[in-house]
Amino acid sequence: MLRDAALVAGKDLRIEARSRVASNQVAPFAVLVLLLFAFALDPDRGVLARTAPGLFWVAVLFSGLLAVQRSFSLESADNARDGLRLSGLDPAGIFLGKAGAIVVQMLALEVILAGFVTLMYGRHLHGPAILIITCVAATAGMAASGTLYGVLAAGLRVRETLLPLLLLPVVAPVLLAATRASESALDGAGSEAWPWVRLLGVFAVIYVTFGILAFGPLLEEA
Amino acid sequence: MNATSRLLGGAALISLVTTVVLGLGLPPTVEQGQYVKFIAIHPPLAWAAYLSFGVTAVASILYLVPRTRHRRWDHIAGASAEVGVVFTALTLVTGSIWGRPTWGVWWVWDARLTLTALMLFLFLGYLALRRVAGDPDTRARRSAVAAILAVLVVPIDHFAVQWWRTLHQGQSLTMTPQKNLDGNYIAVMLLGFLAMTLVYAWLTLQRYWVEELEDEVGDQGLQNALAERRAEAGAGAGVR
């Protein structure tokens, strides 16, 4: 299963490295969202610095949506999905591989966005350990649920409009928990962050487990 | 079937009318004035909303388990979710109408309100997925998985919003004023629970039948089209 996962993740990441869609489109989009927040919220009154964790995670969420859509539009070209089904790879491995590739891309994106927030919003980074754990747990949860809904909506004619409606309410607790955890970490109140980190962990475990179990049947139907 | 519907509908109507009459007749209280009368409908609406999503979840699981798989469960899940969305929306609307004079605002970011709003969107997404056309069996399986995924997130949402509102500013509002209410209010509220449960059951039954009929029409349409093509082919062969 893990070997299959590594194969699928490697394939997706190679495609991204060669097509440069993630680096040339998704990443600039995420930075642009952070830039637009500055226009929407007055940057002079410290609003941006105060709300930086929330704005950061909203930007991550929206770009995550794009990453999920991209991950499944890759499979729709040239009937690649049929190839994947016929490849004999373990469906659980395919799920872990696709989610893993999304995790890698989003973690890279989060590093860029964190740099942007530090530089342009004037929010200094504290508590790096908690921040890193929060990012990993939140991203794993988002990628797992995103991959599940991605395959659920793949092949539908209305997938572009349906996926956000399905996915965003589900990842709402991730946004909430990740924002609070990073806020506590940045405020130097690390102990307050742990309940949120645990919640992120529970979310990730539930959706990864469900994905391993349910991805096979869903892929068959997509 | 029609007798069940009539009986259920009649019971729902009678209990609902009784609830409204008794509810409007409740005496105003010192703290909440006339608005205490919302107790007759608001908590029962919320209960019916939770009940409907619970039914959707159970029916979806029954559909996915191979031994109990039957199109019927898919129809029940869909019918219940549709009625549930209406009840959730009504819960939010009646809560807002009550909140405006009582709290002074239409909406507060209280844990329970936030959870209810999230649930509304979860199931709006589910209904949108159900409306996507396609093979009925594929659609049913996809919808069942989506319903379970949506229900899985509800307890997580519950903890998240609970902590969100308690870690930072303490529980801002208690929405259960029953402590200092006498038995009359509780009795009318319980009657409301019964009435809303019956209304829910009746509405879901109607929607369920419509789903069954739609299914039948779909199958019949396919049969007719096949018969027509066969007739055409037969006629064509005769001419040649």
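Where in chain A does A:R20 lie? Select A:R20 in this predicted model: the residue sits in the loop between α1 (2–19) and α2 (21–40) of chain A. Its phi is positive, about 60 degrees, although A:R20 is not a glycine.

**Chain A as a whole**

Now colour chain A by secondary structure. The chain has 8 helices and 0 strands, and along the sequence the pattern reads α-α-α-α-α-α-α-α. The radius of gyration of chain A is 18 Å, close to the 17 Å from the globule rule for 222 residues, so the chain is as compact as a globular protein of that length. Along the principal axes, the C-alpha trace of chain A spans about 55 × 35 × 30 Å. Of the 222 residues in chain A, 47% are buried. Among contacts in chain A with a separation of 6 or more, 83% are between residues 24 or more positions apart.

**A:A80**

Move to A:A80, in helix α4 (residues 80–86) of chain A. A:A80 counts as partly exposed because it has 14 C-beta neighbours inside 10 Å; the cut-off for buried is 20 or more. Not counting residues up to four places away in sequence, A:A80 touches A:L74 and A:E75.

Next select residues 47–76 and 159–186 of chain A, which are helices α3 and α7. The two pack at an angle of about 145 degrees, and their axes are 8 Å apart. The crossing of α3(A) and α7(A) is right-handed. On the α3(A) side the residues that meet α7(A) include A:W57, A:L61, A:L65 and A:V68. On the α7(A) side, A:L163, A:L167, A:V171 and A:L175 are among those that meet α3(A). By class, this contact has 13 nonpolar, 4 polar and 2 charged residues.

**Where chain A touches chain B**

Show both chains. Here 25 residues of chain A are in contact with 23 residues of chain B. On the side of chain A, the elements that give two or more residues are α6 (128–153), α7 and α8 (190–221). Helix α8(A) gives the most, with 11 residues. The chain A side divides into 22 nonpolar, no polar and 3 charged residues.

**The nonpolar core**

Which residues have the most contacts inside the largest nonpolar core? They are A:A177, A:A181, A:L200, B:A146, B:A150, B:V199 and B:Y200, in a core of 126 residues. Select A:A181 from these. Leaving aside neighbours within four places in sequence, A:A181 is in contact with A:I130, A:T134, A:A193, A:W196, A:V197 and A:L200.

**Chain B**

Chain B has 6 helices and 0 strands, in the order α-α-α-α-α-α. Its radius of gyration is 23 Å, well over the 18 Å that the globule rule gives for 240 residues, so chain B is more spread out than a compact globule. The C-alpha trace of chain B spans about 90 × 45 × 35 Å along its principal axes. Buried residues make up 36% of the 240 residues in chain B. Of the contacts in chain B with a separation of 6 or more, 79% join residues 24 or more positions apart.

Notes
Residues numbered from 1 in each chain as written. Chains lettered and ligands numbered in written order. Predicted model: local features only at pLDDT ≥ 70, side-chain atom pairs only at ≥ 80, totals over all residues. Core = buried A, V, L, I, M, F, W, Y, C linked by C-beta atoms within 7 Å. Buried ≥ 20, exposed ≤ 12 C-beta atoms within 10 Å, placed from the backbone. Contact = placed C-beta atoms within 7 Å. Helix = DSSP H or I, 4+ residues; strand = E, 2+ residues; numbered from the N terminus. Rg over C-alpha atoms; globule rule 2.2 N^0.38 Å. Axes fitted to C-alpha atoms, helices over the stretch in contact; angles between N-to-C directions. Left-handed = near helix turned anticlockwise from the far one by under 90°. Nonpolar A, V, L, I, M, F, W, Y, C, P; charged D, E, K, R; others polar.
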